[in-house]
Structure formats: structure tokens, C-alpha cells
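Hi,

Here is the structure I promised to pass on. Have a look at it first, and my notes follow below.

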Amino acid sequence: DWIMRDHIEEAVEKIRAQVGDEEVILGLSGGVDSSVAAALIHRAIGDQLTCVFVDHGLLRLNEGDMVMNMFAGGSSYGRPEDEPAPSEGSERSERGGKKNHAKVVRVDVSQLFLDALKGVSDPEQKRKIIGKLFVDVFKAEAEKLKASGAGHKGATFLAQGTIYPDVIESGGAKSKKAVVIKSHHNVGGLPEQLGLKLLEPLRDLFKDEVRELGVALGLPHDMVYRHPFPGPGLGVRILGEIKKEYADLLRQADAIFIEELRSTIEPNSGKSWYDLTSQAFTVFLPVKSVGVMGDGRTYDYVVALRAVQTSDFMTADWAELPYALLKKVSSRIINEVRGINRVTYDVSSKPPATIEWE
Ligand code: XMP
């Protein structure tokens, strides 16, 4: 609609005026806010923007490729011939740079994260390790881009997908909280540490406005209306110690759950159960239970399905999903995911339970 188009034009002009002919780097997480910020800034300044996508290996099934395809149209340039092999076991690849496609540097550091998390089972410790390593990797990439320049001069701006509720939260409201229940890893002070100026084009917008903007900019509807996903990713959905084997099983099971939620329509509203829930996901429980498959006995892992309805995520009710849906998801997971032989449904509301299990 024309109001949104006006809004985009205005925002684009503002970004151009602020950035001039300088260069911008942006940390792309695959989430709504950073994706919309990237699309908007790319609309304004094209190749003066370089996105850095840190893939910590704790993302959902095919999520990394999805993020790359969304921005770079799926054309891979791989690592430039003359670029030295990346350090610290990171795999670096670049895509995009073409007209209409944003430049995205993908840094695959899953092994680095698995190594750092080895033997760690405390939820808060896991969050801290993931958060810190994420910042370290992003900083290292940003320093490279700042120095060498993805284009010619090197970046002078750091863009962030900060939205209005984040601005309020980092003001008074957060400090009133006496007890830290879970430390969220929002990156504070990063621009100062990197010596970069800050570009935050979504600062005045609420979440629903950010979503509308994303759709108007041509981002896929399903992506823009995705449920929230925590920064530490599957790291807080694998209880206790994180292992690659667990993450792989969880990714498969979760993909089935989400697929069924998206394809099951509730007749009265005509909406899918994905759209009728605020957040839904699968949790990996590192315990084994006995099952029977054909003539044989199995001794495999358990997953829990979690689906909640909430308006503010401060309180939440578990969703009354139809039994038929739960039945289908359960039988698909047990039949299709070798290594899982039991599926449970979490019927705890928040409070006293939190939405995530860690
Ligand atoms: P809880 O589990 O506290 O979650 O009821 C409330 C909302 O916050 C999300 N969440 C996180 N988001 N980093 C994030 O970026 C985190 O460490 C984190 N922990 C929880 C959770 O997914 C839910 O939407």
C-alpha cells in the first residue's frame, strides 16, 4: 500500500543521508529484525552494505541455506581463490554482490561452538559461552571488513536491527528486574568496541510494523511471520550438554513438528496452527527410554513438543493443539527420526514454567 511505500521512501532517504558514500556492515541472524534491517538498508545503499551471517551450528534445519538464499538468491561464489583459509576452523564463504542481491558473508563456525560447549551443561553458562563467542566471531569478521573493505574503503557503520521495544527494554524497564531469570544475549557496546558508527533504521518501529515493512520490501511472508527464535538457538533446546548428534536429531524432529503445524488448518479461523500459536518448537531430552519397533526393542531418546499462545511472552498458555495433529507429529517423528522413540507434549504454562526449557 502507498503508506508503506511512502514510509520506505522516507526511510531510504534517511539512510542515504546518514551513510553518504561510506560502507556498512550488519550482523544477520536470520531473525525478522536483522533481516528487515538488511533488506531496507540494501534498498537504500546497495553494495555499500555487507552482511555477516555467523552460523553457530545451533540453527534449525536448512536455516543457514535459507538465510543465504533469501538475500543472495542462491548463487554461490564460494571463497575467493586468493583469500587465505580462515582461521579458528571457521569456514567463510561469500555470496551476492549482484544487483538486487545483498552481499552476505557466511561464517560457518559450528565446530568452534561445539568445541567451546563441550562438557558444559549449565544453561546460563551455555548462554554466556554462546553469546561471547558469537560476539568474538562477529567482531573478528567486522574488523576484517573494516580494515580491508568488502568494497573499497572499509566499513565505518555498524547496522543493527534494534526495534522500539528493544530501546525501551534497555532503558528503565530491564534494570527494575531484580532477578535475572535468563540472560539474553543482546550485544551492547559493540559499535564502540569496533569504533563504528551505529545505524539503526528500525528504532522507531514496533514488531508488527517491522513485519509489514519486511513484506513490503519483498521478504518471504513465512520468514517475516516466523515465531521468535532465541539467540542461543538450539543451544537452549538441547537440555544439558550439547552434542552434534543431539542437534541433528532435534533439527529433524523440529522440522516435522513445524511442517505439520503449518499444514494443519483450524477450520473455524481458516488459519494454520503455526499462525494460531505464538511459539512452537521441539526440545531434546538427553534421556533414553525403551520402545518396541517391529520385532525389536529400542532404547532411544525422547523429545518434548512445546507450543504456546501469548501476547507478550511474559506469561503464556500451552496451546490446546488438536489430538489428531499431535498424533500425526508423534508418529512421524518416531517413524522418520532414527534415534527418537518417544514424543511428549509439554502442558506447562508460564509462569511457573518458562517458554524455553533452559
Ligand atoms: P522464556 O523461556 O524466558 O522466554 O519464557 C521468553 C521469550 O524469550 C526467548 N528467549 C531468548 N531469546 N536469547 C534470546 O534472544 C535468549 O537467551 C533467550 N531465552 C529465551 C524465548 O524464545 C521466548 O520467546
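Which residues does UniProt list for "binding site"? The unreviewed entry gives S29, G30, G31, V32, D33, S34 and S35. Before you read on, keep in mind that this is a predicted model.

I looked at two of those residues in more detail. S29 sits in the loop that runs between β1 (23–28) and α2 (32–45), and the loop between β1 and α2 also holds G30. Are they buried or exposed? S29 is buried, because it has 22 C-beta neighbours inside 10 Å and 20 or more make a residue buried. G30 has 20 other C-beta atoms within 10 Å, so it counts as buried too. Leaving out residues up to four places away in sequence, G30 touches S35, L59, E63 and V67. One of these contacts, S35, is itself on the UniProt list for "binding site".

Then there is the ligand. Around it are 15 residues, and P230, G231, T354, I355 and E356 come nearest. Sorted by class, the shell around the ligand is made up of six nonpolar, five polar and four charged residues.

V105 is buried because it has 20 C-beta neighbours inside 10 Å.

Cheers

Note on methods:
Residues are numbered from 1 along each chain as its sequence is written. This is a predicted model: local features need pLDDT of at least 70, side-chain atom pairs count only at pLDDT 80 or more; totals for chains, interfaces and linings use all residues. UniProt positions are given in the numbering used here, feature names are shortened, and annotations may be inferred rather than shown by experiment. Helices (H or I, at least four residues) and strands (E, at least two) are DSSP runs, numbered from the N terminus. A residue is buried if 20 or more other C-beta atoms lie within 10 Å of its own, exposed if 12 or fewer, and partly exposed in between; C-beta atoms are placed from the backbone. Two residues are in contact if their C-beta atoms, placed from the backbone, lie within 7 Å. A residue is near a molecule or strand if its C-beta atom, placed from the backbone, lies within 6 Å of it. Ala, Val, Leu, Ile, Met, Phe, Trp, Tyr, Cys and Pro count as nonpolar, Asp, Glu, Lys and Arg as charged, and the others, Gly among them, as polar.
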